[in-house]
Amino acid sequence: MALPVLICDDSILARKQVRKSLPDTFDAEFQTAGNGMEALAVLRSQEIGLVFLDLTMPELDGIGVLEAIKTEAIDCFVIVISADIQPEMQKRVMELGALAFVQKPVSEDKINGVLKQYGFI
Amino acid sequence: MSHAMLSSPVLAQLNSGVIVVDDEYNIHYLNTFIERHGNLQLAEVAGKSLFSVFADLPEAWLKRKLMSVLDLKTPAFSSWEQRQYIFKLPHLRPITSSSQYMAQNCTMLPLDTGVHEQPLICILIEDATDAFVYQQHLSRTLIELEKANRQDGLTKVQNRRYWEEQLKQEIHRAQRYQHSLSLILFDLDKFKDLNDKYGHLGGDFVLVELSSFIGSLLRDSDLLGRYGGEEFGIILPDTGLEGAEEVAERICRAVADYPMLFNQQTIRATLSIGVAEFEPKQHFLHDDLIRCADMALYNAKRSGRNRVCCYQAGETDYHKKAN
Amino acid sequence: MNKLGFSEEQRDCLQEIINVAMGLASDKLARFLNTFVHLQVPSIALVGAMHIPEEFENRYQDAEAALVSQGFFGDEGVRGEAIVLYQMENAHKISALLGYEPGDVSEIEMLTDISSILTTTFLNGLASQIENSLSYSAPRILSSRHGNVADVLKNTSFHWEHALKVDISYQLIDHSFNCDMILLIPGEAVTNIKHILDRILEAY
């Protein structure tokens, strides 16, 4: 069965870059969100297996989304995608329950590596 | 990076210095320019520390720059305007330049060596001695111009415009720090007669001679300026009326006793001197203080010249008939 | 922005590239300065260069401000001039982080160093995403301390048609450090950048 996946980034380009970096063998149904609020609306109303989450976004940023997922105990895996991979930021994101951290700009290699590591493909 | 690539004929001919070091600051390459100016051979210094080969380098400063190049993979710069030279090298204008070492613009560039190779930095050294020499000439000229702009062309004391500026500043200072401040105005007695007797050259000679003589009687902090034709002013910071009167009396006597030799003739001159002290409650503008000293000067003239008069508080108008 | 000829897609693409460049820059700076750097999403706008002076006049009116310029040029006709504006107060904060002791280097050297590090880390991140690489001229102080910022900008930007204004706000963990970066880009270079954006958009 196809995995329901949410790609959340304020940039259309960034969402396309993530989509394009995913391998053909990855069986998924995609939805997109343009900011944290939109992402939470999707997460609260539907079952989502995996979220690709940007950190810097208007309305509600990625940290806000992670906090909401944690407090509302929403069941999903989150892979954070951000250009800023300072150790402090990675630590904070991991503490909030993210699965992995991928540095922008994304590439097939980076995405595939993470997906393989956690058994999605 | 292969040595074959680095030792290209272009680099050998380049009129700039090229030094390549690794992340431990050991020399990998230097071009002919550096070999010749530094009196070195690449074969002898390759693999040695940059800081042992060039012992005079500002080590802490340069390491910080090179570290930023390595860590950030971005270039770093140094200009001769801030640091005249980094490498002590002789320059190509040994005769015409006053500076001993080559002024330099330096660029430190990260070299793309690939992930697995040892990182390298290229230090480019451009000779900026010409720019440095021009800049020195320019600064000297500017200083001279500024001086000329302040000076009276004939007597070399401060000109009126600059002297009045100084007076405004001193008044401001006196107000702010509640210091005393006095002003002396003096005028050569019967200057017209001197001109008639000795000619304009003789008159000019007296102005020059007395300016220099009176200047020698003053403290460094006193400011002598030419106010008009034969009228001069002295600003006396940190000086009350009594002190200023003493100075004025001394000048008056010294000038009267000072013979000047012009064309084998002895010229004697006398001064009429007015003194006024700055009163913060009365003098709102520097013109007010000048006006008070001027009134005292006219009183000195009216009472027979070759003397000092002090401004008395309350005097409001010039006593008529003068000169 | 649209009226100067960027489509909505091009604008989105440029904003993302700039965001990523800023992220990469703050990551590098954080590791270099050994502190946490928090970066807000930079706001970008393409404006007529003639409007630049008035934009900054108010912000830097009462403070001692410094302006440092650095030229950049790369492949495919990408070139321009980056101007970093900041308040002197901020410069002293960051110079302490860079490891300068007071009196260690001249104020001018400190200002050019800070500016060059900010500019080149950001632009290198931008260049790597568009598969370009940039060379830089040495940074040059346009004004510091008592200079009138608007006047200096007027004299600087008159020969440029467009300017890409990037408002950057760096916040370091114990300090906040704000500065503005203006990328002045000549008309034909804007066209060249549009071609590059189109190529990136086509790839996705």
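## Largest cavity

In the lining of the largest cavity, α6(C) is the top contributor, with four residues. Helices here are DSSP runs (H or I, at least four residues) and strands are runs of E (at least two), numbered from the N terminus. This is a predicted model: local features need pLDDT of at least 70, side-chain atom pairs count only at pLDDT 80 or more, and totals for chains, interfaces and linings use all residues. Residues are numbered from 1 along each chain as its sequence is written, chains are lettered from A in the order in which they are written, and side-chain values use heavy atoms, without hydrogens and water.

The volume is about 210 Å³ for the largest cavity. It is lined by 19 residues, and C:L14, C:V78, C:L126, C:I185 and C:I193 lie closest to its centre. At least two lining residues each come from α1 (8-33), α4 (107-129), β8 (176-185) and α6 (187-203) of chain C. By type, the lining of the largest cavity has 18 nonpolar residues, one polar and no charged. Nonpolar means Ala, Val, Leu, Ile, Met, Phe, Trp, Tyr, Cys and Pro; charged means Asp, Glu, Lys and Arg; the others, Gly among them, are polar.

## Second largest cavity

The second largest cavity holds about 160 Å³ of space. Of its 14 lining residues, B:K65, B:S68, C:Y100, C:D113 and C:I117 are closest to the centre. Two or more lining residues come from each of α6 (59-72) and β3 (76-78) of chain B and α4 of chain C. α6(B) gives the most, with four residues. The lining of the second largest cavity has eight nonpolar residues, three polar and three charged.

## Cavity count

The structure holds six cavities of 30 Å³ or more. A cavity is a set of points, on a 1 Å grid over the protein atoms alone, where a 1.4 Å probe fits but cannot get out; lining residues have an atom within 4 Å of a point. Grid points are joined across faces, edges and corners, and a volume is the space filled by probe spheres set on the points.

Notes:
1 Å grid on protein atoms, 1.4 Å probe; cavity = no way out; pocket = protein on both sides within 12 Å on 5 of 7 lines; lining within 4 Å.
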